[in-house]
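Here is a briefing on one protein model. Please keep the sequence and the structure in view while reading.

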Amino acid sequence: MKKLFLYSLFFGVLVSCKSNIYRNESDSIRKQFRKVKKTIFHKESVPLSNGKNPEWINTVNFNLRKPNFIILHHTAQDSLEQTIRTFTLSRTQVSAHYVISDDGKVVQMLNDYLRAWHGGNAIWGKNTDINSASIGIELDNNGSEPFSEEQISSLIALLTRLKKEYNIPTPNIIAHSDIAPSRKSDPSAFFPWKRLSELGFGIWPDAAIENAPENFDAILALRIIGYDTRNLSAAIRAFKLHYIQNEVDDVLNEKTINTIYSIYKKQ
Ligand SMILES: [Zn+2]
C-alpha cells in the first residue's frame, strides 16, 4: 500500500511537471484557436472601392478547404523532443503537421485542415502560399545521416493515408528544397525519393533516360515543373538534390538536361 502511494506520488509529480512545462503553451494554443474561430465567423462587410457594400447572405453548402501538396523536410535537429519543443514555442513561429522520429514514432501536431508554418517563403509554379495548400511532414534527421527503415516505413504509411484522404496528386509530394531552393536543402540526398515514387509518392525519371530534343529549353522546363528559377543556380541544385542525388551541384550538363526532360514529360 505504501509502495502504491509512493508510485502515485512519483507519477503525480511527473504529470504536474509536464503540465507546468506546457501550461503557457496551452494558453497560446487556446488563444490561437480563438483567433482562427473569430476569423471564420467574421461577417463584417467591407465597402468596395466603387462604393458598393457586399451583403452577407449565408450559404448552407460549404466545408473546409483541403490540402493539395505534401512537403517533406528533415528537422536538422538532434532529437524528436528538441523538434517538438521548437514547434510548441510561440517565439519560434515554425511548425509542421507531423513529425516522425528515427524509430518510426509519428507525432501529429496540428489538424490537417489547419495551416502549419513549415514552408516559409516558398513558391511552386504559380502557387506562392504553399503553407495554405500543404501538409508538412518533418523527419527527425540531422541532415548528414541515412533515414532509418522504421522512419521511412512510418512515412509511407502516413503518405498512403494522406494521399488517399485528400486526393493529393502524385507529383505534388515534394521537398522543402524544391519550393525554397535558395534557402533550403532538406530533405538531404539520403532521402529515398526513388523508392517513394515506386509506391506512388512523387515522380522519378524514367529508368532509361531519353535524350532531350535539340530545341528543348531546360530552364523553361524547370519553371513548368514548378521551380522558382530566379536564382537559376539554386533551382538546378534543388532539382539535382531531388532527382540526381549522387551529383548535387548547379551544373546543367547533358545528364541533368535529359533528367529535367524526363521529369517535365511527367507533368
Ligand atoms: Zn524544411
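Arg115 has a relative accessible area of 42%, so it is partly exposed; buried means under 20% relative accessible area, exposed over 50%, and partly exposed in between (1.4 Å probe, protein chains only). Arg115 forms a salt bridge with Asp129, with 2.8 Å between the closest N and O atoms. A salt bridge here is a side-chain nitrogen of Lys or Arg within 4 Å of a carboxyl oxygen of Asp or Glu.

This is a predicted model: local features need pLDDT of at least 70, side-chain atom pairs count only at pLDDT 80 or more, and totals for chains, interfaces and linings use all residues. Residues are numbered from 1 along each chain as its sequence is written, and side-chain values use heavy atoms, with hydrogens and water left out.

**Overall build**

- The protein has 9 helices and 5 strands. Helices (H or I, at least four residues) and strands (E, at least two) are DSSP runs, numbered from the N terminus.
- Along the sequence, the pattern reads α-β-α-β-β-α-β-α-β-α-α-α-α-α.
- Along the principal axes, the C-alpha atoms fill a box of roughly 80 × 65 × 30 Å.
- Of the 267 residues, 40% are buried.
- The accessible surface comes to about 16,400 Å², and carbon and sulfur atoms hold 54% of that surface. Accessible areas come from the Shrake-Rupley method with a 1.4 Å probe; for residues, only the protein chains shown count as cover.
- Among contacts with a separation of 6 or more, 64% join residues 24 or more positions apart. Contact means heavy atoms within 4.5 Å.

**Domains**

- The domain assignment gives domain 1 (62-204) and domain 2 (205-267). Such bounds come from an automatic or database domain assignment.
- The centres of domain 1 and domain 2, taken over C-alpha atoms, are 22 Å apart.
- Their contact takes 16 residues from domain 1 and 19 residues from domain 2.

**Helix H4**

- H4 covers residues 149-166, 18 residues in total. From first C-alpha to last, H4 reaches 26 Å, close to the 26 Å expected at 1.5 Å a residue. The expected span is 1.5 Å times one less than the number of residues.
- The buried residues of H4 are Gln151, Ile152, Ser154, Leu155, Ile156, Leu158, Leu159, Leu162 and Tyr166.
- Their cover includes strands E1 (69-74), E2 (98-100), E3 (106-108), E4 (134-139) and E5 (173-175), along with helix H6 (193-198).
- Ser154 sits in H4. Its relative accessible area is 17%, so Ser154 is buried.
- Beyond its neighbours within four places in sequence, Ser154 is in contact with Ile100, Gly104 and Val106.
- Just after H4, Asn167 takes a positive phi of about 55°.

**Salt bridges**

- The count comes to 9 salt bridges.
- Both Arg115 and Asp129 lie in the loop between E3 and helix H3 (130-133), so their pair ties together parts that are 14 residues apart in sequence. Asp129 is partly exposed, at 31% relative accessibility.
- Glu198 and Lys194 meet in a salt bridge at 3.1 Å, N to O. They are 4 residues apart in helix H6, so about one helical turn separates them. Glu198 is exposed at 57% relative accessibility, whereas Lys194 is partly exposed at 42%.
- Lys265 forms a salt bridge with Glu210, with 2.5 Å between the closest N and O atoms. This pair links distant parts of the chain, 55 residues apart: Lys265 is in helix H9 (residues 254-265), and Glu210 is in the loop between H6 and H7. Lys265 is partly exposed at 38% relative accessibility, and Glu210 is partly exposed at 43%.
- Lys240, Glu247 and Asp249 are linked in a network of salt bridges.

**Nonpolar surface patch**

- Leu220, Ile224 and Tyr264 form a nonpolar patch on the surface, with about 250 Å² of accessible area together. Patches are made of residues with over 30% relative accessible area and no salt bridge; like charges are joined within 9 Å, and nonpolar side chains (Val, Leu, Ile, Met, Phe, Trp, Tyr) within 5 Å.
- Leu220 lies in helix H7 (residues 218-225). At 38% relative accessibility, Leu220 is partly exposed.
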